[in-house]
Amino acid sequence: MNALCWLLPWALAACTPPVSSPSQQKPTLPKPPAVTATTTPAGIPQTALQFRRPLIQAWQFYFAMGQPAAIGFAQIHQESRWNPNATSPVGARGLSQFMPGTADWIDTLLPADQRCSDPAGCATDPRWAINAMTRFDWWLWEQNAGAATDMDRWGKSLAGYNGGQGWVQRESAKALNPAVWWDSVELVCLRSAAACAETRDYVRKIWNKWRPLYLTWG
């Protein structure tokens with residue numbers, strides 16, 4: 001306030017600074033977007049959180065610290081998006097999408113205290129599905145021990161999970177380099193073109209798209 005305003009009290013109103021208009025006021029910052037109830041910030045379904053520890057425990061039982069659990073997490077993400085009640089058009093069910101015949105066979109490989117006790121099957125039991133998937137992965141991992149690298153071994157193992165280990169073996173025998181999955185065995189197709197394309201897409205999505213989301217989960 002200048003000196004004239006002190007000397008002329010009747011002019012005080014004229015000396016009072018005007019209130020800024022709304023357009024002149026400091027803009028308020030927008031609130032940060034809220035995290036949705038269905039996904040984590042990393043894009044991992046919220047339902048996956050309740051199954052995180054059981055999968056880590058099962059994975060470490062078979063693979064110890066030798067292979068990252070992110071592969072198992074990515075596999076379930078691809079199979080069912082973590083929906084325990086998921087059912088495919090061909091009849092695969094649960095988190096790990098087992099067909100009834102495969103589920104019955106895998107159940108015989110599980111420790112006695114992990115086997116299914118329901119006559120109708122346990123594919124939609126999340127804990128059973130996690131244990132069964134991990135046990136199947138371990139079986140496939142052993143079947144593909146001759147792969148050139150761990151990455152190729154996983155390529156073959158995941159392909160076996162999706163399309164059958166028998167096809168992996170037959171197609172490997174026709175490949176330019178039978179020990180290499182990527183751009184070698186995966187390019188050989190002795191089945192229908194659609195089945196081969198599905199298997200290649202399955203392996204590549206798990207390895208390249210979903211696995212990176214879960215690298216810190218193990």
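**Pockets and contacts**

Reply: Start with the second largest pocket: its lining divides into 9 nonpolar, 1 polar and 4 charged residues. Bear in mind that this is a predicted model.

Me: How much space lies in the second largest pocket?

Reply: About 160 Å³. The lining of the second largest pocket has 14 residues, and A103, D104, A120, G121 and C122 lie nearest its centre.

Me: Where does the largest share of that lining come from?

Reply: From α5, which supplies 4 residues.

Me: And what volume does the largest pocket have?

Reply: About 610 Å³. Its lining counts 25 residues. Nearest the centre of the largest pocket are E79, Q97, Y161, N162 and E198.

Me: Which helix gives the most to the lining of the largest pocket?

Reply: α9, with 5 residues. At least two residues each come from α4, α5, α6, α7 (150-163) and α9.

Me: How does the lining of the largest pocket split by class?

Reply: 10 nonpolar, 11 polar and 4 charged.

Me: Switching to charges. How many salt bridges does the structure hold?

Reply: There are 4. One of them joins R204 and D183, with the closest N and O atoms 3.5 Å apart. R204 is in helix α9 and D183 in the loop between α8 (165-173) and α9, so this bridge ties together parts 21 residues apart in sequence.

Me: Which residues are linked with R204 in a network?

Reply: D183 and E186. The E186 and R204 side chains meet at 2.5 Å, N to O. E186 also lies in the loop between α8 and α9, so its pairing with R204 ties parts 18 residues apart.

Me: Are those residues buried or exposed?

Reply: E186 counts as buried, because its relative accessibility is 3% and the limit is 20%. R204 is partly exposed at 31%. D183 is exposed at 56%.

Me: What does D201 form a salt bridge with?

Reply: K205, at 3.5 Å between the closest N and O atoms. Both residues lie in helix α9, 4 residues apart, about one turn of the helix. D201 is partly exposed at 37%, and K205 is partly exposed at 30%.

Me: Okay, rings. How many aromatic pairs does the count come to?

Reply: 21. Take F63 and W138: the ring centres are 5.3 Å apart and the planes sit at 85°, so the pair is edge-to-face. F63 is in helix α3 (residues 52-63) and W138 in helix α6 (residues 126-143), so the contact ties together parts 75 residues apart in sequence.

Me: What about the rings of W82 and Y214?

Reply: Their centres lie 6.3 Å apart with planes at 45°, so that pair is tilted. W82 is in the loop between α4 (70-80) and α5 (100-109), and Y214 in the segment after α9 (193-210), so the pair ties together parts 132 residues apart in sequence. Both W82 and Y214 are buried.

Me: Which residues do ring pairs link into a cluster?

Reply: F98, W105, W128, F136, W139 and Y161. Y161 is also one of the residues nearest the centre of the largest pocket.

Me: Last one. Which ring does the charged end of R52 sit over?

Reply: The ring of W217, 4.8 Å from its centre. R170 lies over the face of W167, at 4.3 Å from the ring centre.

Note on methods
Residues are numbered from 1 along each chain as its sequence is written. This is a predicted model: local features need pLDDT of at least 70, side-chain atom pairs count only at pLDDT 80 or more; totals for chains, interfaces and linings use all residues. Side-chain values use heavy atoms; hydrogens and water are left out. Rings of Phe, Tyr and Trp (its six-membered ring) pair if their centres lie within 6.5 Å; planes under 30 degrees apart count as stacked, over 60 as edge-to-face and the rest as tilted. Buried means under 20% relative accessible area, exposed over 50%, partly exposed in between (1.4 Å probe, protein chains only). A charge sits over a ring if NZ of Lys or CZ of Arg is within 6 Å of the ring centre and within 35 degrees of the ring normal. On a 1 Å grid over the protein atoms alone, a cavity is a set of points where a 1.4 Å probe fits but cannot get out, and a pocket is an open set with protein on both sides within 12 Å along at least five of seven lines; lining residues have an atom within 4 Å of a point. Grid points are joined across faces, edges and corners, and a volume is the space filled by probe spheres set on the points. Ala, Val, Leu, Ile, Met, Phe, Trp, Tyr, Cys and Pro count as nonpolar, Asp, Glu, Lys and Arg as charged, and the others, Gly among them, as polar.
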